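Please keep the sequence and the three-dimensional view side by side while reading this report.

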Amino acid sequence: MKEGKSNLILIGMPAAGKSTVGVILAKELGYQFLDSDLLIQKREKMLLKDIIARKGTEGFLAVENAVNAAIEAQRTVIATGGSAVYGREAMKHLGEIGEIIYLKISYACLQARLHNLRGRGVVLKRGQSLYDIYRERIVLYEQYADHIVDVDGKDIEETLEELLVLVKRTRKV
């Protein structure tokens with residue numbers, strides 16, 4: 001593991017399990033846990049869906065990019081929002097401070113897990129469907145990922161086990 005890359009960065013679609021498995025992974029490794037969506041809400045003093053409603057999609061993405069690009073952490077599991085990959089500066093920074101792990105989910109599994117897009121604060125441009133953003137984002141997730149973990153049909157425990165095997169294989173924990 002390179003110096004300065006002590007963090008694990010989880011990327012992927014909403015409902016892929018980034019926050020849920022991230023907090024358990026952090027406990028298992030003795031790491032801190034950070035949810036970048038919560039940092040955004042704290043900075044803006046409102047929920048993600050309200051930020052999107054007030055500032056629009058582009059305004060939200062600018063805030064998300066700025067917040068993620070400013071994260072300072074060591075030995076931390078960082079769960080990003082699904083749209084984090086749209087922020088070039090943020091993804092460059094995250095790649096410099098950690099290993100990026102893409103939690104890959106199929107569209108069918110995503111549909112089964114994700115019900116209320118707007119209530120979750122999912123970034124949708126006018127006229128975009130869930131399938132549209134899925135197709136658009138998977139290319140970016142794969143581009144930025146150091147590692148890919150397929151979470152399709154896996155529960156949290158199975159995903160956690162696969163992540164632990166990956167982490168133990170790639171670094172000294």
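Two strands are said to pair if DSSP finds at least two bridges between them. Helices (H or I, at least four residues) and strands (E, at least two) are DSSP runs, numbered from the N terminus. The model is a predicted one, so local features need pLDDT of at least 70 and side-chain atom pairs count only at pLDDT 80 or more, whereas totals for chains, interfaces and linings use all residues. Residues are numbered from 1 along each chain as its sequence is written, and side-chain values use heavy atoms, with hydrogens and water left out.

## The chain as a whole

The protein chain contains seven helices and five strands, and read from the N terminus on, these elements follow the order β-α-β-α-α-β-α-β-α-α-β-α. Its C-alpha trace spans about 45 × 35 × 25 Å along the principal axes. The radius of gyration is taken over C-alpha atoms, and the globule rule is 2.2 Å times the number of residues to the power 0.38. For 173 residues, a compact globule would have a radius of gyration near 16 Å, and the 15 Å of the protein chain agrees with this.

Residues are called buried under 20% relative accessible area, exposed over 50%, and partly exposed in between (1.4 Å probe, protein chains only). By this division, 52% of the 173 residues in the protein chain are buried. Accessible areas come from the Shrake-Rupley method with a 1.4 Å probe, and for residues only the protein chains shown count as cover. The accessible surface of the protein chain comes to about 8,900 Å², and carbon and sulfur atoms account for 49% of it.

A contact means heavy atoms within 4.5 Å. Of the contacts in the protein chain between residues at least 6 apart in sequence, 73% join residues at least 24 apart.

How many of the residues of E1 are buried? Five of the five are, so E1 is largely enclosed by the rest of the structure. Both of its faces are covered, with Asn 7, Ile 9 and Ile 11 buried on one side and Leu 8 and Leu 10 buried on the other.

| Strands | Sense | Bridges |
|---|---|---|
| E1 (residues 7-11) and E3 | parallel | three bridges |
| E2 (residues 32-35) and E3 | parallel | four bridges |
| E1 and E4 (residues 98-104) | parallel | five bridges |

Single residues show how these pairings are made. Ile 9 has Ile 78 as its bridge partner in E3, and Leu 10 has Ala 79 as its partner in E3. Phe 33 has Val 77 as its bridge partner in E3, while the partner of Asn 7 in E4 is Gly 98.

Ile 11 is found in strand E1, and at 1% relative accessibility it counts as buried. Leaving aside its neighbours within four places in sequence, Ile 11 is in contact with several residues, including Lys 18, Val 85, Met 91, Ile 100 and Tyr 144. The C-alpha atoms of Ile 11 and Ala 84 are separated by 7.7 Å, although these residues are 73 residues apart along the chain.

Asp 35 belongs to strand E2. Is Asp 35 buried or exposed? With a relative accessible area of 14%, Asp 35 is buried. Not counting residues up to four places away in sequence, it touches Ser 19 and Ala 79. Asp 35 and Thr 80 are 45 residues apart in sequence, and their C-alpha atoms are 6.2 Å apart in space.

## Two loop residues with positive phi

Ala 15 lies in the loop between E1 and helix H1 (18-29), and its phi is near 75°, a positive value in a residue other than glycine. At 13% relative accessibility, Ala 15 counts as buried. Lys 45 is placed in the loop between helix H2 (36-44) and helix H3 (48-69), and it has a positive phi of about 60° although it is not a glycine. Lys 45 counts as exposed, at 73% relative accessibility.
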